[in-house]
Amino acid sequence: MSVVKIVWVDDEMESLQSQKRFLENKGYQVTTFSNGFDALDYVKDNIVDVVLLDETMPGITGLETLAKIKEINQQIPVVLITKNETENLMDEAIGSQITDYLIKPVNPNQVWLSLKKIIDNKRLVAEKTTTSYQQQFRELFMALNSNPDYNEWMDLYKKLVYWELEMEKSDSPEMREVLANQKDEANTEFFKFVSKNYAKWIDPKSADAPIMSHNLLQYKVLPHVEKDIPTFFILIDNLRLDQWKTIQPIFAESFRILEEDTFYSILPTATQYSRNAIFSGLLPIEIEKKFPLEWKNDEEEGGKNLFEEVFFRAQLKRLKKDNIKVSYTKVIHHHDGVNLVNNVHNLLSNDLNIIVYNFVDMLSHARTEMEVLKELAGDEVSYRSVTKSWFEHSALHQALKKIADKKIKLIVATDHGTVRVKTPHKVVGDKQTTTNLRYKHGRNLNYDNKDVLAFKDPRVAGLPVPNVNSSFIFAKEDGFLCYPNNYNHYVNYYRNTFQHGGISLEEMIVPVIKMVSKSIE
């Protein structure tokens with residue numbers, strides 16, 4: 001490791017010689033100056049890792065020196081050392097982007113700790129992350145192999161997401177690989193678990209099932225609606241749990257997060273099924289029966305999510321909640337977002353405002369079509385990063401900031417997640433077979449049983465029967481379903497893209513978050 005180069009600027013440097021020697025004994029190279037001008041000349045021409053800067057000096061003050069250092073190199077960390085503890089000085093120093101702040105008299109260990117924090121922070125965090133995961137690895141392994149129920153699966157997935165985000169701080173490719181393997185193993189077991197239990201969950205007579213798409217609003221949203229505080233239910237399409245965790249700090253700036261929960265998306269984990277189930281409060285087979293004109297199967301012409309508001313108002317009526325004042329807003333295009341920002345204040349007169357925001361879904365679909373997005377979101381880390389960047393600059397964020405000072409409740413959820421697909425599986429079907437990569441339905445489907453969960457009778461899975469003898473199949477883990485014709489082309493085109501519709505932790509266990517504005521005590 002190269003020697004860390006410190007510049008220390010103080011007009012009383014003679015009295016700090018023992019501190020200089022202390023740091024040199026710790027392996028730092030320390031160059032000292034008694035005024036800001038000489039220090040600036042040195043910083044212009046030399047590599048400097050950290051500047052220790054006295055605030056009160058004759059000629060040019062510490063803050064003036066700081067401003068000029070930042071002009072030379074914005075990235076150099078500066079520690080301001082001062083006798084002055086006044087609030088306005090601290091505000092000015094922090095506003096000028098100091099890295100740390102020490103009050104005189106300083107002892108050598110204080111200075112050393114500050115340098116360690118600045119220079120070794122990344123390494124120390126990476127080492128601690130790796131060690132902590134190693135300690136938790138066995139616990140996760142045991143949990144995976146102890147036949148978890150649906151609640152334990154949600155906890156397990158939360159822990160895996162936590163470590164996935166923590167591992168971004170680690171510089172150990174080996175540990176990242178161990179975690180990736182553990183997640184793959186979890187998805188293998190999760191597929192078996194869902195295969196065994198899914199039909200039981202969606203049986204209307206079932207007494208033991210997780211909250212799923214079709215009862216999300218009934219249990220997680222409507223109980224929180226009250227007359228004097230507007231509730232906003234925001235459904236961000238296609239938002240995985242790890243993506244939520246990435247944008248969570250941005251929400252936390254304006255809102256108090258009361259509960260971070262998860263629920264299970266129904267199968268297929270695709271917008272037209274899961275989102276219509278959320279708003280109707282019904283399984284797809286029931287939607288088709290009650291709304292034969294509005295429900296469209298995959299192969300039918302026309303939009304598949306055009307009647308969410310109709311479905312939702314019917315659900316309110318069924319639950320005898322149709323006395324509440326409701327609005328429904330859908331943001332698909334840029335101009336919808338602009339309208340939302342301009343009109344968000346008008347929504348405060350409603351009891352419940354539903355906002356469906358389609359960005360993340362567009363991103364994941366566009367990603368398979370556009371080479372630029374393949375570059376931008378080539379793996380989970382960059383996919384999260386793109387999501388964060390989008391949300392920070394989105395109309396949704398702008399609109400929420402405009403009403404953050406009002407007394408409101410906020411519930412954020414999604415309809416399903418996505419998984420990065422890597423393993424192709426061959427499926428043969430007739431012309432009527434659907435083109436989805438993570439699920440298919442059709443007659444006479446030919447596939448390898450071990451690659452998919454199959455429902456020969458879709459009704460068992462709460463799904464309509466599009467044609468006589470139609471069956472549904474769902475891809476497992478990171479699999480994607482391809483036809484034999486032009487097989488290699490499609491495999492290479494879709495491998496490593498984010499897809500949804502099948503069975504994985506990422507697609508099925510998704511966030512539902514309850515927040516209030518900070519003005520609500």
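In this predicted model, the side chain of K426 is placed over the face of Y487, 4.6 Å from the ring centre.

For Y133 and W163, the centres are 5.6 Å apart and the planes form an angle of 55°, which makes the pair tilted. Y133 belongs to helix α6 (residues 121-144) and W163 to helix α7 (residues 150-166), so their pairing ties together parts that are 30 residues apart in sequence. Y133 has 0% relative accessibility and therefore counts as buried; W163 is likewise buried, with a relative accessible area of 5%. The aromatic pair of F472 and F474, by contrast, is stacked, with 6.1 Å from centre to centre and 15° between the planes. Both of these phenylalanines are buried.

The largest nonpolar core comprises 77 residues, and the members that touch the most others are W153, F190, Y198, F251, Y264, L410 and I503. Helix α8 (residues 173-201) is its main contributor, giving 9 residues. For F190, once neighbours within four places in sequence are set aside, the contacts are W153, Y264, I503, S504, L505, M508 and I509. Apart from this core lies another, made up of 22 residues, including L216, F312, I324 and L352.

Key: Residues numbered from 1 in each chain as written. Predicted model: local features only at pLDDT ≥ 70, side-chain atom pairs only at ≥ 80, totals over all residues. Heavy atoms only, no water. Core = buried A, V, L, I, M, F, W, Y, C linked by side-chain atoms within 4.5 Å. Buried < 20%, exposed > 50% of the residue type's maximum accessible area, 1.4 Å probe, protein only. Helix = DSSP H or I, 4+ residues; strand = E, 2+ residues; numbered from the N terminus. Contact = heavy atoms within 4.5 Å. Phe/Tyr/Trp six-rings, centres within 6.5 Å; stacked < 30°, edge-to-face > 60°. Lys NZ or Arg CZ within 6 Å of the ring centre and 35° of its normal.
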